[in-house]
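Me: I am new to this structure and would like to go through some of its contacts step by step. Could you take my questions one at a time?

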Amino acid sequence: WVIDRITSDDNAYVYWGQPNQTYTSGQIGYFAARNAPAGFVKAMSLNKQVQNLPDSLMALLTFDESIDADSVDIWKEFELIFQRIYGFVRYQPVFRDYTYHYLDQLVKDGIQHVELRSLITGLYHEQREEGYYNADSVVAYFQEVAEKIKEKEPAFTLKIIFTSLRFRSNEQVIQDLASAYQLRQKYPDLIKCIDLVAEEDQGHSTLYFLDTWRKMDSLQQAYGVDMPLYLHDGESDWISSSNLYDAVLLDSKRIGHGFNLFRFPALLEKVQQKGICLEINPISNQVLGFIRDLRLHPASNYLARGIPCAISSDDPLIFDYQGLSYDFWEVFMAWELGLADLKGLAINSLKYSALNQQEQAESLDHFNRKWRLFVNEAIQQLLSLIH
């Protein structure tokens, strides 16, 4: 979809020169006529000049488990893809269409509730400077797209996890936190919580941002809204990465990944006692090199211990698949799960969501009705095979 769009947009360009400190091969940008930086070629023209350009771009915008490298090296390639696509997804005329496209793909995969981590920064336009379309515009677009999706699937719900980056400074993240409070005050039904993302083993620790976390009480008083933490911690296989301790001490309502929790037995018990839900990203963990054989994934043990877990897809489009069914299929096979296990994982996605009490009750009711329909259809299919 992305490649079709840029090769049909007259003002879309692709960097096709030698990679340097500023640009990398396949980087997408939208520019006014004759304003494209050196090395950028109009995508429509490039498509005529380069044989099999869509395949070449697809290879630059995605990758899979075939990369044979350590997780640290894989992350370098992973981050290059974000650099390549940033100028596409942050372009204002594209943003709504792109958001609708990927949410529609999730709904087609049977997903009824989405909690999206998003860097809510300004969008750009080739006629305007970066940030001309501010964060308020971005949130308004999210609302608009969610309502459009609901026209097709009335039970659909969307919540946004305001996201900053863990390689930023405390001062920068404090500014992001203030923006998050402002947006949550203005859009309390959509902006629900905050997180820090990016490579954990190379970025700042969660404790590094202690000055940021200390600002939260005063910001809550100033804006009159809370800001729960849904921290993205434990995406590491190193025993020296102890960010999970700080996630628990900071009372994170959910933990994204929690992969290396198994290395800290006392903390594992504390997570279980507090009922903190872990967002498990099986394919992402596999592709990024944290675990090769999913049968050995520590989350199978977390489930056996009764720690609440939910299955998430992390970055499916970059990993060249759509939706969430593949993640469910992999854990179903690798962990030898039963039907009750699958139902429990699905319910956890709603039970530990950012939905308010009424929304959660309605969402669970819808899910249970769909589940009963699914079970009845499965029984009828089985009976037809028997007879």
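Me: Which residue forms a salt bridge with Glu-144?
Reply: In this predicted model, the closest N and O atoms of the pair are 3.4 Å apart, and a salt bridge requires a nitrogen of Lys or Arg within 4 Å of a carboxyl oxygen of Asp or Glu. Glu-144 lies in helix α6 (residues 135-152) and its partner in helix α5 (residues 92-108), so the pair ties together parts that are 48 residues apart in sequence. The partner of Glu-144 is Arg-96.

Me: Is Asp-176 buried or exposed?
Reply: Asp-176 forms a salt bridge with Arg-168, the closest N and O atoms being 2.5 Å apart, and Arg-168 is partly exposed, with a relative accessible area of 22%. For Asp-176 the relative accessible area is 14%, and the cut-off for the buried class is under 20%. Asp-176 is therefore buried.

Me: How are α15 and α16 oriented to each other?
Reply: The axes of helix α15 (residues 339-351) and α16 come within 10 Å and cross at roughly 160 degrees, while angles over 145 count as roughly antiparallel. The two helices, α15 and α16, are therefore roughly antiparallel.

Me: Which nonpolar residues make a surface patch of about 520 Å²?
Reply: One of them, Ile-379, is placed in helix α16 (residues 357-386), and Ile-379 is partly exposed, with a relative accessible area of 41%. The patch is made by Ile-379, Leu-382, Leu-383, Leu-385 and Ile-386.

How values were computed. Residues numbered from 1 in each chain as written. Predicted model: local features only at pLDDT ≥ 70, side-chain atom pairs only at ≥ 80, totals over all residues. Heavy atoms only, no water. Patch = residues over 30% accessible without salt bridge, like charges linked within 9 Å, V, L, I, M, F, W, Y side chains within 5 Å. Areas by Shrake-Rupley, 256 points an atom, 1.4 Å probe, with all protein chains shown as cover. Salt bridge = Lys/Arg side-chain N within 4 Å of Asp/Glu carboxyl O. Helix = DSSP H or I, 4+ residues; strand = E, 2+ residues; numbered from the N terminus. Buried < 20%, exposed > 50% of the residue type's maximum accessible area, 1.4 Å probe, protein only. Axes fitted to C-alpha atoms, helices over the stretch in contact; angles between N-to-C directions. Parallel < 35°, antiparallel > 145°, perpendicular 65-115°, else oblique.
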